[in-house]
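These are notes for a colleague who is opening this structure for the first time. Please read the points with the structure in view.

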Amino acid sequence: MKQKRNSFMTLFCAIFLIVGVIFFAVGLTMAIRDSGFRERAEEITAEITEISSYRGSDGDRRHSVYVTYQYGGRTYEEIALNFYRSGMREGQEISLLCDPENPEHVKAPGAMLLLELVFLLIGILFMGIVLVMIAISLTRKRRRKKILSSGKRLSAIVEQIAVNTSYVMNGRNPYQIYCYYRDEYKDVIYRFKSENLWINPSVALQPGDSIDVYVDGEDYSRYHVDAESILDKRVKDYT
């Protein structure tokens with residue numbers, strides 16, 4: 001059971017990490033290329049000669065902008081700008097950056113900045129999600145190990161086995177065991193629930209059965225329901 005869960009989480013994290021690295025690398029590459037272009041480019045004044053509008057495949061209105069300008073004693077006409085912003089109009093003069101090595105290559109200052117930021121931020125977000133998930137997993141493992149090794153063991157009673165409908169992974173809902181421990185001396189009932197379980201505990205446990213719960217000293221709010229030990233012993237899932 002642990003192996004399946006760990007394998008899926010490893011695959012999930014690997015996919016997110018790969019996607020994050022790809023987006024970040026693309027954004028970084030674009031930023032480096034754009035920076036190099038800005039360093040060697042020369043500023044020119046161009047005239048917008050045509051703005052054509054059309055509907056994209058998603059139904060949104062898009063615009064193609066064409067400009068005419070002079071550079072190095074030569075006139076370049078109807079050059080596609082690949083950039084549009086609201087307020088542009090035909091006959092308007094705008095400042096552009098021109099590549100001296102390829103004068104037909106022009107860009108509007110800052111035109112690529114937004115796209116670069118989007119790729120970089122998506123990459124950072126995906127990689128950040130993986131780092132947070134790893135940090136949470138390591139923290140839980142350390143806390144669980146500490147409670148299991150030095151915590152106080154309580155013999156609780158299984159109250160209910162339920163499906164956790166608020167959590168979905170790979171199209172499946174996990175199970176949780178609800179149990180309680182009665183402190184006869186204090187005349188107090190403590191209720192606990194297990195972590196998410198990906199094998200139905202009903203094959204090994206039923207309401208009324210005993211289950212160990214480890215608590216952190218006298219702080220019963222820090223606990224671990226030891227369902228894995230029972231399921232690992234009683235269930236050998238090869239599916």
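1. Glu-159 and Arg-191 form a salt bridge, with their closest N and O atoms 2.9 Å apart (a salt bridge is a side-chain nitrogen of Lys or Arg within 4 Å of a carboxyl oxygen of Asp or Glu). Glu-159 lies in strand S6 and Arg-191 in strand S8 (residues 188-193), so the pair ties together parts 32 residues apart in sequence. Glu-159 is partly exposed at 36% relative accessibility, while Arg-191 is exposed at 51% (buried is under 20% relative accessible area, exposed over 50%, partly exposed in between, with a 1.4 Å probe and protein chains only).

2. This is a predicted model, in which local features need pLDDT of at least 70 and side-chain atom pairs count only at pLDDT 80 or more, while totals for chains, interfaces and linings use all residues. Residues are numbered from 1 along each chain as its sequence is written, and side-chain values use heavy atoms, with hydrogens and water left out.

3. The structure holds eight salt bridges. One of them joins Lys-152 to Glu-218, at 3.8 Å between the closest N and O atoms. Lys-152 is in strand S6 (residues 152-163) and Glu-218 in the loop between strand S9 (210-216) and strand S10 (219-225), so this pair ties together parts 66 residues apart in sequence. Strands here are DSSP runs (E, at least two residues) and helices likewise (H or I, at least four), numbered from the N terminus.

4. Another salt bridge is between Lys-107 and Asp-34 (3.3 Å, N to O). Lys-107 belongs to strand S5 (residues 102-107) and Asp-34 to helix H1, 73 residues apart. Asp-34 is buried, with a relative accessible area of 6%.

5. Which residues line the largest cavity? Asp-34, Phe-37, Arg-38, Leu-97, Lys-107, Ala-108, Pro-109, Gly-110, Ala-111 and Met-112 do (a cavity is a set of points on a 1 Å grid over the protein atoms alone where a 1.4 Å probe fits but cannot get out; lining residues have an atom within 4 Å of a point). Its volume is about 50 Å³, counted as the space filled by probe spheres set on the points, which are joined across faces, edges and corners. Helix H1 (residues 2-40) gives the largest share of this lining, three residues.

How values were computed
On a 1 Å grid over the protein atoms alone, a cavity is a set of points where a 1.4 Å probe fits but cannot get out, and a pocket is an open set with protein on both sides within 12 Å along at least five of seven lines; lining residues have an atom within 4 Å of a point.
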